[in-house]
Amino acid sequence: MTIDRRPLGEVDPEIAQAIGDAHTFCTGWRIGCRLRAVLVHQVTAKALVVDQSNGEQVPGVAELSNLLAVDANNVVYFAPVGCWLVLEGCQLVATLAFLFVILGWGALGGVGVCLLCFPINLVVTRRLKLLQTELMERK
């Protein structure tokens, strides 16, 4: 068994990333719960003040329960993922900025090659899918 001898105060990058991801998802759940509370409040407030003299339809119990149960929970489930997507975008921008600082304009060549490889990957994946389908039909 080897002992990892790191200087005092140095943090393992994997542990720091795990803590950061957990914090991101926790923040996302908090935001989602607050959004659900606001959404439920607004839906019920709107349902209580519907004016039929203007030709507005009165929402039924099924529509209200669908809005309050299903749609509000979808907002709660999306909030952590949305928070994670925003932070991943920020991490990508920061990484590219640091790469540009270190390598200069040469970094743009590497980014360009990466962007050019995305369509190639798409073409290869579609071709493999067609070949797999054809092989399954032959069996």
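Along the sequence, this chain reads α-α-α. That is 3 helices and 0 strands, taken as DSSP runs numbered from the N terminus (helices are H or I, at least four residues; strands are E, at least two).

First, the ground rules. This is a predicted model, in which local features need pLDDT of at least 70, side-chain atom pairs count only at pLDDT 80 or more, and totals for chains, interfaces and linings use all residues. Residues are numbered from 1 along each chain as its sequence is written, and side-chain values use heavy atoms, with hydrogens and water left out.

Confidence next. pLDDT is the predictor's confidence in each residue, from 0 to 100. The chain average is 82, and 86% of the residues score at least 70.

Now the packing. Helix α1 covers residues 13-48 and helix α2 covers residues 61-103. Their axes come within 7 Å and cross at roughly 150 degrees. Axes here are lines fitted to C-alpha atoms, for helices over the stretch in contact, with angles from 0 to 180 degrees between N-to-C directions. α1 and α2 are therefore roughly antiparallel to each other (the term applies to angles over 145 degrees). What sits at their contact? The residues there divide into 22 nonpolar, 5 polar and 3 charged.

Last, the whole chain. Of its 139 residues, 9% are buried, meaning under 20% relative accessible area with a 1.4 Å probe, protein chains only. Take the contacts (heavy atoms within 4.5 Å) with a separation of 6 or more: residues 24 or more positions apart account for 67% of them.

Terms used. Angles under 35 degrees count as roughly parallel, over 145 as roughly antiparallel, 65 to 115 as roughly perpendicular and the rest as oblique. Ala, Val, Leu, Ile, Met, Phe, Trp, Tyr, Cys and Pro count as nonpolar, Asp, Glu, Lys and Arg as charged, and the others, Gly among them, as polar. Buried means under 20% relative accessible area, exposed over 50%, partly exposed in between (1.4 Å probe, protein chains only).
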